[in-house]
Amino acid sequence: MARKTLSKKLRFDVFKRDGFKCQYCGITPEKEILQVDHIIPVAEGGENDIDNLITSCPNCNNQIDYMNLQPSHLPYQMVKNLHIQKQF
């Protein structure tokens, strides 16, 4: 199955929701070009749904080790998702 491209509107909606800053380190587009990253990677079944997308800078996007992230270092959206999953 071919990977679907994110629309420009969806990318903008993610950037807008996240305040136009990397949700891992807080960097802004004045200092770095931002990207949209999947919280759950597509390779692991993640969807292109806005709730599975997050704004990140290239450095954070390329160096994320999901297994070693501590809750204090997780972006709000991931903490929220983990919290919801733990309730069930």
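Is Ser56 buried or exposed? Ser56 has 0% relative accessibility, so it counts as buried (buried means under 20% relative accessible area, exposed over 50%, and partly exposed in between, using a 1.4 Å probe and protein chains only). Here are my notes on the rest.

1. **What you're looking at.** This is a predicted model, where local features need pLDDT of at least 70, side-chain atom pairs count only at pLDDT 80 or more, and totals for chains, interfaces and linings use all residues. Residues are numbered from 1 along each chain as its sequence is written, and side-chain values use heavy atoms, leaving out hydrogens and water.

2. **The overall layout.** The protein has three helices and two strands (helices are DSSP runs of H or I with at least four residues, strands are runs of E with at least two, and both are numbered from the N terminus). Starting at the N terminus, the order is α-β-β-α-α.

3. Of the 88 residues in the protein, 30% are buried. The accessible surface is about 6,400 Å², and carbon and sulfur atoms own 55% of that (areas come from the Shrake-Rupley method with a 1.4 Å probe; for residues, only the protein chains shown count as cover).

4. **Who touches whom.** Take the contacts with a separation of 6 or more: 56% of them link residues 24 or more positions apart (contact means heavy atoms within 4.5 Å).

5. **The two strands.** Strand 1 (residues 35-38) and strand 2 run antiparallel, joined by four bridges (strands pair if DSSP finds at least two bridges between them). Strand 2 (residues 53-56) is covered on both faces: Leu53 and Thr55 are buried on one side, Ile54 and Ser56 on the other.

6. **Back to Ser56.** Ser56 sits in strand 2 and is the bridge partner of Gln35. Skip its neighbours within four places in sequence, and Ser56 is in contact with Cys22, Tyr24, Leu34, Gln35, Asp37 and Asn61.
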